[in-house]
Amino acid sequence: MRIKIRAPSGSQVLPLSPETTISSLLSEIRSKTSLSGDLEIKYGYPPKSLHLSEYPSSTLLKNLPIKLEGEQLIISESGEGGGGGGGSVATSSSAPFSFSGGAQGSSSQPDAPLTLNRSLKPKINKDDPPDVPLKSGRGTMVLRVMEDDNSCLFSAISYVATGSLYSVAELRQLIAATIQENPDTYSDAVLEQKRDGYCEWIQMESSWGGGIELGIFANFFDLEICTIDVSTNEVIRFNEGKTNRAIVVYSGIHYDAIVLSPAGSRTNDPSKDKRIFSSSDDEELEGALELCRELKKRKYFTDTKSFSLKCNICKTGLKGEKAAVVHAKSTGHKDFGEY
């Protein structure tokens, strides 16, 4: 029997005897991953929790109702985020812009979402990320910059919620699967287009995520996800009231992550990052807000009402998202680039 495990330390294949018990499997996982706390184990796709504690520890793996031969198990310590899909959708007229034709909730957009390639001009040095020390001395809030590859939201969520265990493609598939499985919650009216079309679009590498995706991720990972808008310092909370919290930054057409670099750690070394925070302790959130105020001073945001972009099909120059929507409606062109 062979089982692939994927943990924060990396992926590897476990060759196991047909007579391996649950107890032996857990011991092997702890040995290979160096995880000492309670284990959270997920399998399948979309990933589902594997509740091995429901069976006697002497149970043979081959006798489990779930066939683990050839399966990939995602391993983390409890509290690092996990959970099932579904739940309520968190959308708002002030939710982050997703370039689906306007802000989430906008009633003025073409039949299919637009795509936008962001300017490749670097605005922040990844090797010298902006940071703000906490007053308590517990550490420093640091911006972890995501790639400008149209998947920045997915990369940021993967990092803060799972330590980048989930690939961008997996998260895009998770969004599509959750939407298809919950047609009442994610209706055509909520998506502002046909559900099948949205699910096909969101799995494209060029498609951006926004409020709908953040709501799904917050429910799936059982987290309160706080999104801070750099231009306004406004906090939008998804799945508010959950025990644990993650923080991402929205700068107009891009998402990054905010983490805590513990005292004594180098801020440019992400290996010690604290990515999940207690929702009952607002010091990290206050530090993140202060960091975003610093980012605004550095003009690390894009004003989507007036930014410069062009149609990648006919090369027409445009100003702002509304002009892009008008152009898309009149020409059918839906591929744009920032410059």
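This is a predicted model: local features need pLDDT of at least 70, side-chain atom pairs count only at pLDDT 80 or more; totals for chains, interfaces and linings use all residues.
Strands of a sheet pair through backbone hydrogen bonds, and the pairing may be parallel or antiparallel. In this model, 5 strands form an open sheet with mixed pairing, arranged in the order 2-1-5-3-4. The edges are taken by strand 2 (10-15) and strand 4 (48-49); each has a single partner strand, so one side of each is left without a neighbour in the sheet. Strand 3 (residues 39-43) and strand 5 (residues 72-77) run antiparallel and are joined by 5 bridges. Opposite I41 stands I75 in strand 5.

Two packed helices are described by the angle between their axes and by the distance between those axes. For helix 2 (residues 152-162) and helix 3 (residues 168-181), the angle is about 100° and the axes are 9 Å apart. Helix 2 is therefore roughly perpendicular to helix 3. Helix 2 contributes F154, S155 and S158 to the contact, and helix 3 contributes V168, L171, R172 and I175. Of these contact residues, 4 are nonpolar, 2 polar and 1 charged.

In soluble globular proteins, nonpolar side chains tend to be buried together. The largest nonpolar core of the model has 42 residues, of which I157, I179, L214, F217, F221, I225 and V248 touch the most other members. Elements giving two or more residues to this core include helix 3, helix 5 (195-202), helix 6 (211-220) and strand 11 (244-250). Helix 2 supplies the largest share, 8 residues. Among the residues that I225 touches are I157, L214, F217, I236 and V248. A second, separate core has 20 residues, including V132, I228, I258 and L295.

Key:
Residues are numbered from 1 along each chain as its sequence is written. Side-chain values use heavy atoms; hydrogens and water are left out. Two strands pair if DSSP finds at least two bridges between them. Helices (H or I, at least four residues) and strands (E, at least two) are DSSP runs, numbered from the N terminus. Axes are lines fitted to C-alpha atoms, for helices over the stretch in contact, and angles run from 0 to 180 degrees between N-to-C directions. Angles under 35 degrees count as roughly parallel, over 145 as roughly antiparallel, 65 to 115 as roughly perpendicular and the rest as oblique. Contact means heavy atoms within 4.5 Å. Ala, Val, Leu, Ile, Met, Phe, Trp, Tyr, Cys and Pro count as nonpolar, Asp, Glu, Lys and Arg as charged, and the others, Gly among them, as polar. A nonpolar core is a set of buried Ala, Val, Leu, Ile, Met, Phe, Trp, Tyr and Cys residues joined through side-chain atoms within 4.5 Å. Buried means under 20% relative accessible area, exposed over 50%, partly exposed in between (1.4 Å probe, protein chains only). Lists of a residue's contacts leave out its neighbours within four places in sequence.
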